[in-house]
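Let's take a friendly walk through this model, one feature at a time. Have the 3D view ready and follow along.

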Amino acid sequence: MKDSFGNSFTKTLATIGVVVATAILFITTAIAGGKLGGFSAYLPLAILLSSSVSITAIWLFGRPRKSDSASLKKLKELENRVCELEARIHNAEIVDSFENRLAEKEVNHRFAKSSPSQQSQASPIQQ
């Protein structure tokens, strides 16, 4: 996976920080010279080794996450589940609307059916 500009820029800044710290340590070692004792002979090698390990870690472990990581898979599953639930809610709303229209139609039909019979019964009494 290709690094984004921001990720590469961050890695570059971290690398520059390590390089500057390494340079400061080398300059300090050169100035102090023999005052550091027997350890001063190994100090430049230790500085180089630790700087190399730091820069390697920055560029190897500082890479962006791959698209198949577990959290992204879980996110995709949750998004799919939300889409499925939204579709089910939409279908339920359609069914509810249909049931309401059907019930209203049935009420109107029964009212219309019962109204003429009431009128026919009422009309002989009134006459």
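E106 and R110 form a salt bridge, with their closest N and O atoms 2.9 Å apart. The term stands for a side-chain nitrogen of Lys or Arg within 4 Å of a carboxyl oxygen of Asp or Glu. Because E106 and R110 are four residues apart in helix 3, about one helical turn separates them. E106 is partly exposed, at 36% relative accessible area, while R110 counts as exposed, at 56%. Here, buried means under 20% relative accessible area, exposed means over 50%, and partly exposed lies in between (1.4 Å probe, protein chains only).

How many salt bridges does a search of the whole structure find? The count is two. R81 forms a salt bridge with E84, and their closest N and O atoms are 3.3 Å apart. These two residues are three apart in helix 3 (residues 70-126), again about one helical turn. R81 is partly exposed at 41% relative accessible area, and E84 is partly exposed at 39%. An α-helix has 3.6 residues a turn, so residues three or four places apart point the same way.

## About the model

This is a predicted model, in which local features need pLDDT of at least 70 and side-chain atom pairs count only at pLDDT 80 or more, while totals for chains, interfaces and linings use all residues. Residues are numbered from 1 along each chain as its sequence is written, and side-chain values use heavy atoms, leaving out hydrogens and water.

## The two faces of helix 2

Helix 2 (residues 43-61) has 19 residues and reaches 26 Å from its first C-alpha to its last, close to the 27 Å expected at 1.5 Å a residue. That expected span is 1.5 Å times one less than the number of residues. Helices are DSSP runs (H or I, at least four residues), numbered from the N terminus.

Which residues of helix 2 are buried? They are L43, I47, S51 and I58. These residues lie on the same side of helix 2 because they cover an arc of only 65° around the axis, taken from the directions from the helix axis to the C-beta atoms. The face turned away from the buried side carries the exposed residues L45, L49, V53 and F61.

## A nonpolar surface patch

F9, L13, I16, V20 and I24 form a nonpolar patch on the surface, with about 470 Å² of accessible area together. Such a patch joins nonpolar side chains (Val, Leu, Ile, Met, Phe, Trp, Tyr) within 5 Å, from residues with over 30% relative accessible area and no salt bridge. Accessible areas come from the Shrake-Rupley method with a 1.4 Å probe. F9 is found in helix 1 (residues 5-32) and counts as partly exposed, at 45% relative accessibility.

Note on methods. Patch = residues over 30% accessible without salt bridge, like charges linked within 9 Å, V, L, I, M, F, W, Y side chains within 5 Å.
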